[in-house]
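Thanks for sending this one over.

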Amino acid sequence: TGAVGLYNVGQSCCLNSLLQVFLMNIHFTGILRRITVPPCAVQKRRNVPYQMLLLLEEMQCGKRKAVSPINLACCLSAYRVKLFVQYDAAQLFLTLWNLIKRQMKKPELVEELSYLYTICVQEHLACQKCSSETKRNSSMLTLPLPVLDSNSDMLKTLEDCLQYFFRPEELTDHNMCFCEQCGRKTPFLQSMKLVHLPQTLTIHLKRFCFEKSAYVHKLSHYLPFPQDLDFNAILTEDQCQADDNEKATWQYELFAVVAHSGSTSCGHYCAYIRSLTECKWYCFNDSEVCQVWWDDVKCTYGHFNLHWGETAYLLIYMKKHPQ
């Protein structure tokens, strides 16, 4: 089935969960299988994509219920990704992705990897006095969605979080910007418009927030997310900067959930992943793997009174109809 666990080799639950999400993605492994094999033993030991490929082959060829990712973990330690460290899954995802991209030698594979994961947006900044406007295109690997609004009220659904993320924001008072046309600081309207969505879309629910005391607090409140997500039904025309062909591909189906349980200082990660070949959900909890159902995945919506409970942290969606 391809549902093989990974042994915990030193607080590696976060790494294990992310590796499962990468390696269960047949679009990613299709790229991974075409990498250039490093020429010598030293380079092989230090090459993250190659070590991921070896791990994938061991998972697929063996008859065991779980394999050890120790060789990949040792490879990552050379790039300051140490064992016995509590990692934030969103940060570790960015670290892993950038290491993979940097160490892929074939330009066409780098381009495919970027196209598979990269979100493109256009940032707008408009002066409210003279209407002069600046635009800047930028890219990101995750959509970092707040789960609270500006009044610290809880947003109620994933769709609410998306609408709030792309809402225009007025920059006034001490947040005013300098306008070259006006020659002074003026109120501005800041907005972000969606240009392109990738085949594999990663959404980061910002459930860990800093309070005034610098204490990191986990927001565990109930926040449902759908199996099917259509951006055309969520965002307005003003929040999009894309043609009809691009928008036609903005329909998604949930592929994986990386869930966090426990507190910010003492937590555990696992991954719920829908097999793209079997269309079945599995829970990957380090070396333990079992088939689950959608109702089990929904248990990661969160609960206000269960701060130690399992809560979705990363949501990974796949395009239904890619170009």
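**Notes on the helices and the sheet**

1. Let me begin with helix α5 (residues 70-77), where Leu 72, Ala 73, Cys 75 and Leu 76 are the buried residues. Around the axis they span an arc of only 160°, so they lie on the same side of α5. Please keep in mind that this is a predicted model.

2. What do those buried residues pack against? The partners of the buried residues of α5 are α1 (13-23), α3 (41-46), α4 and α6. Two of these helices, α4 and α6, come up again below.

3. Next, look at α4 beside α5. Their axes come within 9 Å and cross at roughly 170°, which makes α4 roughly antiparallel to α5. On the α4 side the contact involves Val 48, Gln 51, Met 52 and Leu 55, and on the α5 side Asn 71, Leu 72, Cys 75 and Leu 76. Sorted by type, the residues of this contact are six nonpolar, two polar and no charged.

4. Val 48, Pro 49 and Met 52 of α4 touch Leu 99, Ile 100 and Gln 103 of α6. The residues of the contact divide into five nonpolar, one polar and no charged.

5. Four strands form an open sheet in the order β4-β3-β9-β6, and the pairing is antiparallel. Which strands stand at the edges? These are β4 (133-140) and β6 (169-171); each has a single partner strand, so one side of each has no neighbour in the sheet. From one strand to the next, the twist averages 25°.

6. Finally, a closer look at one pair in that sheet. Strand β3 (residues 119-127) runs antiparallel to β4, and the two pair over eight bridges. If you want a place to start in the viewer, Leu 125 stands opposite Thr 134 in β4.

Technical notes:
Residues are numbered from 1 along each chain as its sequence is written. This is a predicted model: local features need pLDDT of at least 70, side-chain atom pairs count only at pLDDT 80 or more; totals for chains, interfaces and linings use all residues. Side-chain values use heavy atoms; hydrogens and water are left out. Contact means heavy atoms within 4.5 Å. Ala, Val, Leu, Ile, Met, Phe, Trp, Tyr, Cys and Pro count as nonpolar, Asp, Glu, Lys and Arg as charged, and the others, Gly among them, as polar. Buried means under 20% relative accessible area, exposed over 50%, partly exposed in between (1.4 Å probe, protein chains only). The arc is that of the directions from the helix axis to the C-beta atoms. Two strands pair if DSSP finds at least two bridges between them. Axes are lines fitted to C-alpha atoms, for helices over the stretch in contact, and angles run from 0 to 180 degrees between N-to-C directions. Angles under 35 degrees count as roughly parallel, over 145 as roughly antiparallel, 65 to 115 as roughly perpendicular and the rest as oblique.
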